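Hi there,

Here is the structure I promised to pass on. Have a look at it first, and then read on for what turned up.

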Amino acid sequence: HNRKVRKRMSATITPRPVQKLIEEFGRLPGIGPKTASRLTFHMLRSPREQAIALAEAILDVKDRVTLCSVCFNTTEADPCGICASHDRDREQICVVQEPLDILALDRTGEYKGLYHVLRGAISPLDGIGPDKLRIKELLARVENRRGDAPVGEVILAMNNDIPGNATAMYLWRELARTGVRVTRLASGLPVGGDLEYADEVTLGRALSGRREL
Ligand code: ZN
């Protein structure tokens with residue numbers, strides 16, 4: 001069926017809306033031109049309700065999801081569920097690059113503290129300096145300028161790559177001035193791999209074996 005549609009399309013000029021959807025799908029990460037066409041033809045064959053559900057889900061993500069003003073995790077309520085929870089160890093802050101890292105670390109069951117999402121890593125080649133990240137806000141939390149419970153330990157959980165290591169070094173220097181205990185995940189994480197892709201056992205081990213800097 002798919003091949004028939006494509007044949008008919010190439011015989012005439014591809015309708016503008018079809019072209020447009022292929023273009024939009026093609027902008028998404030990891031989607032090449034072939035997949036973009038396949039998704040578009042799939043949507044053409046799908047019932048209207050399915051198209052509406054997809055469009056609404058995309059809009060909801062933009063309209064109903066915001067950043068937690070404490071930890072900068074993605075959330076529907078501010079503060080987020082983790083920051084508002086009293087079942088967590090509020091003296092520990094684990095610093096991560098992206099919200100997905102929180103899911104990975106929580107899955108290990110090894111960590112019950114709070115988080116802080118930097119929203120990236122220092123990478124001068126990409127024009128990302130410390131000022132583009134949520135570092136000021138982290139220091140404010142550690143220095144207790146917000147009037148929260150005192151922080152006893154900051155765990156640096158950066159990716160094991162050049163930007164991740166540069167970020168960890170920078171944070172360690174900044175945090176040293178505050179006198180807080182700073183630890184870093186034990187080595188053993190895949191080099192160059194994102195934290196979110198590390199398996200639970202490896203990540204759990206890296207957490208329990210974390211070292212003081
Ligand atoms: Zn939060």
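Leu21, Glu24, Phe25, Leu28, Met43, Ala51, Leu54, Ala55, Ile58 and Leu59 line the largest pocket. A pocket here is an open set of points on a 1 Å grid over the protein atoms alone, with protein on both sides within 12 Å along at least five of seven lines, whereas a cavity is a set of points where a 1.4 Å probe fits but cannot get out; lining residues have an atom within 4 Å of a point. Two elements each give two or more residues to this lining, namely α2 (16–26) and α4 (48–64), and α4 gives the most, with five residues. Helices are DSSP runs of H or I with at least four residues, strands are runs of E with at least two, and both are numbered from the N terminus. The volume of the largest pocket is about 250 Å³, where volume means the space filled by probe spheres set on the grid points, which are joined across faces, edges and corners. By class, its lining has nine nonpolar residues, no polar ones and one charged (nonpolar: Ala, Val, Leu, Ile, Met, Phe, Trp, Tyr, Cys and Pro; charged: Asp, Glu, Lys and Arg; polar: the others, Gly among them).

Before going further, please keep in mind that this is a predicted model: local features need pLDDT of at least 70 and side-chain atom pairs count only at pLDDT 80 or more, while totals for chains, interfaces and linings use all residues. Residues are numbered from 1 along each chain as its sequence is written, and side-chain values use heavy atoms, with hydrogens and water left out.

The second largest pocket has a volume of about 160 Å³. Eleven residues line it, and the closest to its centre are Val70, Arg90, Leu114, Arg141 and Asp148. Its lining divides into seven nonpolar, no polar and four charged residues.

Now for the metal. Which residues coordinate the zinc ion? Cys68, Cys71, Cys80 and Cys83 do, each through SG, at 2.3 Å. Donors are N, O and S atoms within 2.8 Å of the metal (3.2 Å for Na, K and Ca), and sites may look incomplete because water is not among the atoms. Along the chain the donors follow the spacing C-x2-C-x8-C-x2-C. The site is tetrahedral, with angles of 105 to 115° among the four donor atoms (for four donors, tetrahedral requires all angles to lie between 85 and 135 degrees). Cys80 and Cys83 are both buried, where buried means under 20% relative accessible area, exposed over 50% and partly exposed in between, with a 1.4 Å probe and protein chains only.

There is one aromatic pair: Tyr111 and Tyr115 sit edge-to-face, 5.2 Å centre to centre and with 65° between the planes. Rings of Phe, Tyr and Trp (its six-membered ring) pair if their centres lie within 6.5 Å; planes under 30 degrees apart are stacked, over 60 edge-to-face and the rest tilted. Both Tyr111 and Tyr115 are buried.

Finally, a few individual residues. Lys62 lies in helix α4 and is exposed, with a relative accessible area of 63%. Lys132, in the loop between β4 (113–117) and α7 (135–142), is also exposed, at 57%. Glu196 lies in the loop between β6 (181–184) and α9 (200–208) and counts as partly exposed because its relative accessibility is 21%.

Happy exploring!

How values were computed. Tetrahedral: all angles 85-135°; square planar, octahedral: opposite > 155°, others 65-115°.
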